[in-house]
Amino acid sequence: MAAIDARHLDGVSETALITLRQRAVEAARPDGLIDDPMAVVVYESLDYDYHHFGRTHQGIALRALTFDNVSNEYLADHPRATVVALAEGLQTSFWRIDNGELNWLTVDLEPIVRLRRQLLPPSDRVRYVAQSALDHSWMDQVDDSHGVLITAEGLFMYLERDVVFDLIAACAKRFPGGWIVFDTIPWLMSVYSRRRGWKLSEHYTVPPMPFSFTANQYDELRALEGVRTVREVRMPPGRGTLMKLATPLFYDLPFSNRMRPAMTVVEFG
């Protein structure tokens, strides 16, 4: 089968290839943290020079596993829920957590949706909306009769604060009983990305990340109308002795909630 060209992706959309590579390389390891055979298939099916992204690491796989854990937690009580994956990129989460009952809605830009249709097997429980996640009209496509879980994996850091809070507030109003899970970066990482550029290698710099948000700021989310609870979710321990020892410290050291990236679940009332 001929490789599918992905060289047209740029900007934030191109970061989908970074996270795909990280998960696929980790999944292919004998001691890999994540079981993600679909990521390996997609990774190997694309015509793209991944090496200009530099080295791989296990952080993206740990983030994916954290999102999977939250998704499975919600689906345990709402097995027929609709999962809305905002700016999903080339994530393969559906194939990792599918319980045979859930419905899936991908909201992403047309170039990404086109690639997903080419690369991923069709399912009558997977649908696509080819538009920006910031165009709230995607909400009209959501069947919320059995619950709604919204994921924003690797998205919010590329947006402005007001846009993020407006989106969360709109979801809280529209989907009572639903959840949204997202990840964010601390202030120093945001400042560095905007001023100096976050260089993964000499050939590639990540787009600027203007939005920073950490767990010590959760009261700002609790103030939004329709928000019932806000909580942080811990990443699972990483691979290797050092990562297994460091992960608890990552959360338990005093004031570390101001300095670490946050994985956040917002539950709507």
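Let me start with a term: a residue counts as buried when its relative accessible area is under 20%. Hi everyone, thanks for coming. One caution before we look around: what you see above is a predicted model.

With that cut-off in hand, let's go to strand 11, which spans residues 262-268. How many of its residues are buried? The count is 7 of 7, so by the under-20% cut-off the strand is mostly covered. If you look at the directions of the side chains, A262, T264, V266 and F268 point one way, while M263, V265 and E267 point the other way. Both sets are buried, and that includes E267.

Which strands sit beside strand 11 as pairing partners? One is strand 7, residues 179-184, which pairs with strand 11 in the antiparallel sense over 6 bridges. If you'd like a landmark for that pairing, find V181, whose bridge partner in strand 11 is V265. Another is strand 10, residues 227-232, also antiparallel to strand 11 and joined to it by 5 bridges. There, take V227 as your landmark: its bridge partner in strand 11 is F268.

Now please move over to V148, in strand 6, which covers residues 148-152. Is V148 buried or exposed? V148 is buried, because its relative accessible area is 3%, and the cut-off is under 20%. As for what surrounds V148, leaving aside neighbours within four places in sequence, its contacts include Y74, A81, T82, V84, F175 and W179.

Next stop, H52. You'll find H52 in the loop between strand 2 (46-47) and helix 3 (59-77). What does the side chain of H52 make a polar contact with? The partner is the side chain of Y48, at 2.9 Å. Beyond its neighbours within four places in sequence, H52 is in contact with E14, S201, H203 and Y204.

Y192, W198 and L200 make a nonpolar surface patch of about 240 Å². W198 belongs to strand 8, residues 198-201. How open is W198? W198 counts as partly exposed, because its relative accessibility is 30%. Compare the two values on your screen: 30% for W198, and 3% for V148.

That's my tour, and I'm happy to go back to any of these residues with you.

Definitions and conventions
Residues numbered from 1 in each chain as written. Predicted model: local features only at pLDDT ≥ 70, side-chain atom pairs only at ≥ 80, totals over all residues. Heavy atoms only, no water. Helix = DSSP H or I, 4+ residues; strand = E, 2+ residues; numbered from the N terminus. Polar contact = N/O pair within 3.5 Å; in protein donor to acceptor, adjacent residues only side chain to side chain. Contact = heavy atoms within 4.5 Å. Buried < 20%, exposed > 50% of the residue type's maximum accessible area, 1.4 Å probe, protein only. Patch = residues over 30% accessible without salt bridge, like charges linked within 9 Å, V, L, I, M, F, W, Y side chains within 5 Å. Areas by Shrake-Rupley, 256 points an atom, 1.4 Å probe, with all protein chains shown as cover. Salt bridge = Lys/Arg side-chain N within 4 Å of Asp/Glu carboxyl O. Pairing = 2+ DSSP bridges.
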